[in-house]
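Dear colleague,

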Amino acid sequence: MAQSQVRRDPTVNRVVACGAFLAIGWLVSAILGAVVGPVSVPIDQVVAIAWGGPDAAQDPAHGAIVWSLRLPRIAMATLVGASLAAGGAALQGVFRNPLADPYVLGIASGGAFGAALVMVIFTGLGLFGPVFGGFVGAFSAAILVHSLARSAGGLSVNAVLLAGVAVGLSCSAGVSLVLVLAETQATNVLIWLMGSVGGRGWAEVSCVALLTGIGLLPLLSQARALDAFSLGEENASALGVSTERVKLITFAAVALLVAAAVSFCGLIGFVGLIVPHGVRMIVGPGHRKLLFLSAIAGAFVLVSADLCARVLLTDRELPIGVITGCLGGPFFLVLLRRSFLSAGR
Amino acid sequence: MLVAKDITAPHGLTPHFSLTIESGSFVGLVGPNGAGKTTLLRCLAGALTPSSGDVKVNQNPVASLTPSQRAKQIAYLPQLETAPAGYTVRDVVALGRYAHRRGLRGLSPADHAAVDDALKRMALEQIAARLVDTLSGGEYQRVRMARAFVQGAPILLLDEPVAHLDPGAATRLMGQVIRLAGPTQHTMIAALHDLNLAALYCSRLIMLDAGSIVADGAPKDVLTQSRIEAVYGEDCVVVPHPNSEVPQILMSRTEDSTR
């Protein structure tokens, strides 16, 4: 039994290495993000401002640019990337579907519809108003996709995807309707929907940080149950998992994360799809490490994508969704092909 | 002791179905496709709640137990399961400890000991580090048995544990199940299609047909030629096994299937 006392998960070293690599990658891209731009700020100034606030800068202009423009968007990209990637990992676990993610399943569209409604019609509810609308929309979409797929054929890969497409398209139609009704605000709503982590201040960042924390904790607490879900729901239930409760907690947590991300930063696709797959390829499918590392990797990917979106064109900024979409679209097709091939076997 | 009293399931069983299973027995559920074996097992396991009547495990209604309390009383292996990609044999067996663990901490020494023991009993030590999606059907079925065993439940419900296994793997698995449960006085109920294997290993057979029990007792009393021919609709010969005298069934060759 001496063997069992010193037993370690053989993947522990790999998990630690992967976590360290991602954290360093995030740090490097975050520092680059604060240094690079129309005005280059020396790296020692960036560190000083990040540490001591805008007044710590030698040049007040540098202080203002880094503190009020660049650091909030890096923080926003970090939070939204972590939310979407961990949410995608959890959804893939609950649905046992490699193609699941908040966008593919229509949950993000549901959130966008709810948030847009509040922005245009129920104005004057403050920062949390659109988040609340987004949460109601996203949660309803998740529940709807789940019940539609279950009635159509027991949560098979295809049934879940079809239900996700149906709900997503309906919600997109709802967003279009809101746009038409919005008239004067239509341009603002459209720009918001295109997706950007920029243009937000520390108030918005704090709000998203709070919601991300509230959403990520229950998600991480479901890690062992999600491992059992990989055997199928009936087997998980036989092992003692309260399957309905796990699904409800996961949907609510993902809806909260997605609502926070969508109502402040619009629609940013594919992060929730690609990142968990990449992490799974490196450290395996166990959800404790998968959810945790996906959150770090998502932060890394979105901060890097935002950096690219800002610097690729010299005269203007690309929507961040263009960057993630260019990477994610082909990736999605590869996954789709692979899952159809394995289903055909 | 597992008691089903007056249960009415949505479909698959005749209304007001009753059954008592004594502790420590190995019961085989036999009968043709659609006879209600899976429905009965699901009701006993608490996976399906009867619309009336109740199932009691040691006097406690199964429906009143939380999933984790239930998992400590009853280990149920449904028929269908796809090996999950990327998990090792050890990972999957350790999932059987779910109901015994709290929070997100790793396995306790007691969990490790239970997993080691089950791996050993199911002869899985050599392949403990292999990924389950690379195993053969027989190997993965052994992994599932080990997982059910580490649940530490006194009752094991197995839905066709040897389906899709070759005769060698099937016999080996049944032998291992017996060895697994023998010293610990487990109660086991297995739905089985292979009547010969059921006669070899089970102390009691329950034959179902069209949702009701048509025979219940020792293999030699249940597996008679006239009953098998009536239930399965085909001619057969029943002979005693040369070694152990238990009945073995030889189906007769059918020339005209439209008869």
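Thr243(A) counts as buried, at 11% relative accessibility; here buried means under 20% relative accessible area, exposed over 50%, and partly exposed in between, with a 1.4 Å probe and protein chains only. Thr243(A) belongs to helix H12 of chain A, where helices (H or I, at least four residues) and strands (E, at least two) are DSSP runs numbered from the N terminus. Leaving aside neighbours within four places in sequence, Thr243(A) is in contact (heavy atoms within 4.5 Å) with Phe229(A), Glu233(A), Ala236(A) and Ser237(A). Leu336(A) stands 93 residues from Thr243(A) in sequence, and their C-alpha atoms are 27 Å apart.

As to conventions, this is a predicted model, in which local features need pLDDT of at least 70 and side-chain atom pairs count only at pLDDT 80 or more, while totals for chains, interfaces and linings use all residues. Residues are numbered from 1 along each chain as its sequence is written, chains are lettered from A and ligands numbered from 1 in the order in which they are written, and side-chain values use heavy atoms, with hydrogens and water left out.

Aromatic pairs were examined next. Three were found over all chains in a search of the whole structure; rings of Phe, Tyr and Trp (its six-membered ring) pair if their centres lie within 6.5 Å, and planes under 30 degrees apart count as stacked, over 60 as edge-to-face and the rest as tilted. One of them is the stacked pair of Phe95(A) and Phe251(A), with 5.7 Å centre to centre and 25° between the planes. This pair links distant parts of the chain, since Phe95(A) lies in helix H4 (residues 60-95) of chain A and Phe251(A) in helix H12 (residues 243-265) of chain A, 156 residues apart. Phe95(A) is buried, with a relative accessible area of 2%, and Phe251(A) is buried at 3%.

Phe135(A) and Phe139(A) also form a stacked pair, at 5.7 Å centre to centre with 5° between the planes. Both residues lie in helix H6 (residues 128-153) of chain A, four residues apart, about one turn of the helix. An α-helix has 3.6 residues a turn, so residues three or four places apart point the same way. Phe135(A) is partly exposed, with a relative accessible area of 23%, and Phe139(A) is partly exposed at 23%.

Between the chains, the charged end of Arg224(A) sits over the ring of Tyr98(B), 4.8 Å from its centre (the criterion being NZ of Lys or CZ of Arg within 6 Å of the ring centre and within 35 degrees of the ring normal).

With kind regards
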